[in-house]
Amino acid sequence: MNIVLFGPPGCGKGTQAKRLSAARGWPQLSTGDMLRAAQASGSELGRRVKAVMDRGDLVSDAIVIELIEERLPEAEAAGGAIFDGFPRTVAQAGALDALLAGRGAQVDAVIRLTVDNEELVRRMMKRAAEEGRADDTEEAFRTRLKVYEAQTAPLIPYYQAQGKVKNVDGMGSMETVSAAIAAVLD
Ligand code: AMP
């Protein structure tokens, strides 16, 4: 199964994607993790995206689509994937649909985690203390929320039109949210 884990920054997508990947054996394809790995390795791509990521804006569609495309054979071999932080624009969603269709596959479900804004800020501050991500400053986080509303939230009607959106309350504990995700998938 190909599953998109969807929601605003700080909603717990990454944590839930890891847990779901471990439970089902489908790789977690996180474009944020791939881009951070590119930065850590000191590659040209990493240097190119650093400023954009640090301020909380989106890197270009072409870059992330290519990163995802490279990983699709691995997903196909595993019988599916958990897309985490991708797609983030309607153009990316269209590209993903086309890439999967070319492999006789599709996005099977979009798990949308809903978390209120106050809780998002609280989780961001906790992560900032724990991981020290460059884009977990208050200013960058505010930009990421705005970018989410403007560019990523339009994916909700995009996937609703395909009948794929499953809303999951993301406000509970990690375990409660994982159980709710498992329940909508089974
Ligand atoms: P994340 O780890 O998913 O919160 O992503 C961290 C940052 O990486 C984002 O704020 C963007 O700058 C960049 N990024 C990750 N995924 C994408 C994507 N699908 N499209 C554009 N930029 C992305």
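I sorted the lining of the largest pocket by class and got 16 nonpolar, 17 polar and 17 charged residues. For this count, Ala, Val, Leu, Ile, Met, Phe, Trp, Tyr, Cys and Pro are nonpolar, Asp, Glu, Lys and Arg are charged, and the others, Gly among them, are polar. A pocket here is an open set of points, on a 1 Å grid over the protein atoms alone, where a 1.4 Å probe fits, with protein on both sides within 12 Å along at least five of seven lines; lining residues have an atom within 4 Å of a point.

**Ground rules.** The model is predicted: local features need pLDDT of at least 70, side-chain atom pairs count only at pLDDT 80 or more, and totals for chains, interfaces and linings use all residues. Residues are numbered from 1 along each chain as its sequence is written, and side-chain values use heavy atoms, with hydrogens and water left out.

Of its 50 lining residues, Gly10, Lys13, Gly14, Arg127 and Arg133 are the closest to the centre. Helix H6 gives the largest share of the lining, 7 residues.

**Ligand.** I listed 16 residues around the ligand (a heavy atom within 4 Å). Thr31, Arg36, Asp57, Gly85 and Gln92 come nearest. H2 supplies the largest share of this shell, 4 residues.

**Polar contacts.** I took N or O pairs within 3.5 Å. A backbone N or O atom of Asp57 lies 2.5 Å from a ligand oxygen. A polar side-chain atom of Arg133 is 3.3 Å from an oxygen atom of the ligand.

**Cis bond.** I found a cis peptide bond between Phe86 and Pro87, with omega about -5 degrees. Pro87 sits in the loop between strand E3 (81-84) and helix H5 (90-101).

Definitions and conventions: Helices (H or I, at least four residues) and strands (E, at least two) are DSSP runs, numbered from the N terminus. A polar contact is a pair of N or O atoms within 3.5 Å; within protein, one must be able to donate a hydrogen and the other to accept it, and residues adjacent in sequence count only if both atoms are side-chain atoms.
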